[in-house]
Amino acid sequence: MNKIAYSAFIAFLASIGTLVSVQALSSDEADSAGDERDITLDELAEHASAESCWKAIHGGVYDITDYVPDHPTEEEVILEWCGRESSEAWDNKSPGRPHSPAAERQLENYRIGRLVDDQGEPLESADTGELPSEEQDQPMEQEAAAAAPSPAEDQRLHRAMLGQPLDGHYRGVFTDRGEIQVNITFDLRDGHLSDVNFRHLAYRGVDYLTLEEDADLYPVMVQHRRITEWLEGEPLTSIFALYEPERVVDEVDGFSGATLRGAKVISAMRDGLNRGVYSWP
Ligand code: HEM
């Protein structure tokens, strides 16, 4: 009997212990959420060096001092923006190419606060800081209509349309009027593209992959090859740049007849993503 009472007492102590630690954990969380503080452009500007590098990006302030040596470019590229509002740079690694969703997740690890103006009002970015606050509160649809970014740059479109596909090997096709025009294969690793290849590329009965160099349509095949090279190593969202092929190939309209159809390539790649992983790496 004593034994039973003793076990019950130990079980009681254990459950109290669990309750106390759950409580401690949740107040830790509350503390870290509470750590978020208001930071003005003046305070931001005090952290403009490799020793202390803060950046404001879309309303958040990030202390990326520890990350600078790990960034996949020369340090100067990223140091140049320390102490500054950097949304523009973040959205345009090179013109029209935003950072990947994986980079966005990484960025969140460095968040220390939110950017505010001298009155303590949140600043979304250098530009919107000048908007009256009612305008900042307008619904997303209206904001989107006002800004109207191109499909190559619209990050909302990218996120909504791609989700978080798994790493693996993909195959997809674009078919029109009963003809397979594009059959493309590609690998995804950590959200980045590799081994992008056309298995089939045809239009109105012409098989582009077997064209001789002196064929009239040969340059079109070269343009499509250029796409596969351009996509190599890029984050998946870069496929949307193909809506504007001039970002990717020279002389888009320099050839008579059919020219590069970026939209068909996007469609084939998204078909592959919809089908899911074809085989695992
Ligand atoms: C705001 C100034 C920044 C500039 C100008 C900048 C620029 C660049 C450039 C030029 C690349 C080249 C590689 C490529 O073409 O994909 C790149 C890639 C990358 N950057 Fe930055 N970067 C900035 C800030 C950051 C920050 C703060 C982080 C994370 C904390 C970050 C994370 C990455 C990652 C993970 C990549 C690999 C490609 C990707 O995932 O998009 N960058 N960045």
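Which helix gives the most to the shell around the ligand? To answer that, let us walk through the model, which is a predicted one: local features need pLDDT of at least 70, side-chain atom pairs count only at pLDDT 80 or more, and totals for chains, interfaces and linings use all residues. Residues are numbered from 1 along each chain as its sequence is written, and side-chain values use heavy atoms, with hydrogens and water left out.

We can start with the chain as a whole. It has 10 helices and 9 strands; these are DSSP runs numbered from the N terminus, with helices being H or I of at least four residues and strands being E of at least two. Of the 281 residues, 36% are buried, where buried means under 20% relative accessible area, exposed means over 50%, and partly exposed is in between (1.4 Å probe, protein chains only). Take the contacts (heavy atoms within 4.5 Å) with a separation of 6 or more: residues 24 or more positions apart account for 59% of them.

Now to the ligand. It sits in the second largest pocket. On a 1 Å grid over the protein atoms alone, a pocket is an open set of points with protein on both sides within 12 Å along at least five of seven lines, and a molecule sits in one if more than half of its atoms lie within 2 Å of its grid points. Helix H3 (75-79), helix H4 (87-91) and helix H5 (101-108) are the elements that give two or more residues to the shell. Here is the reply to the opening question: H5 gives the most, with 3 residues. By class, the shell has 10 nonpolar, 7 polar and 3 charged residues. In this scheme Ala, Val, Leu, Ile, Met, Phe, Trp, Tyr, Cys and Pro are nonpolar, Asp, Glu, Lys and Arg are charged, and the others, Gly among them, are polar.

Among the 20 residues around the ligand, His71, Lys93, Arg97, His99 and Ser100 come nearest; a residue is near a molecule if one of its heavy atoms lies within 4 Å of it. Several polar contacts (pairs of N or O atoms within 3.5 Å) can be picked out here. A side-chain N or O atom of Ser100 is 2.4 Å from a ligand oxygen, and one of Lys93 is 2.8 Å from an oxygen atom of the ligand. For His99, a polar side-chain atom lies 2.8 Å from a ligand nitrogen. His71 belongs to the loop between S3 and H3 and counts as buried because its relative accessible area is 15%. Leaving aside residues up to four places away in sequence, His71 touches Ile78 and His99.

Most residues other than glycine have a negative phi. His58, however, has a positive phi of about 45°; you will find His58 in the loop between strand S2 (54-57) and strand S3 (60-63). Asp195, in strand S8 (residues 192-203), also has a positive phi, near 50°. Asp195 counts as partly exposed because its relative accessibility is 42%.

Not counting residues up to four places away in sequence, Thr185 touches His169, Tyr170, Arg171, Asp195, Val196, Asn197 and Arg199. Thr185 has a relative accessibility of 8%, so it counts as buried. Finally, Asp176 lies in strand S6 (residues 168-176), and its C-alpha atom is separated by 9.9 Å from that of Arg204, 28 residues apart along the chain.

Definitions and conventions:
A polar contact is a pair of N or O atoms within 3.5 Å; within protein, one must be able to donate a hydrogen and the other to accept it, and residues adjacent in sequence count only if both atoms are side-chain atoms. On a 1 Å grid over the protein atoms alone, a cavity is a set of points where a 1.4 Å probe fits but cannot get out, and a pocket is an open set with protein on both sides within 12 Å along at least five of seven lines; lining residues have an atom within 4 Å of a point.
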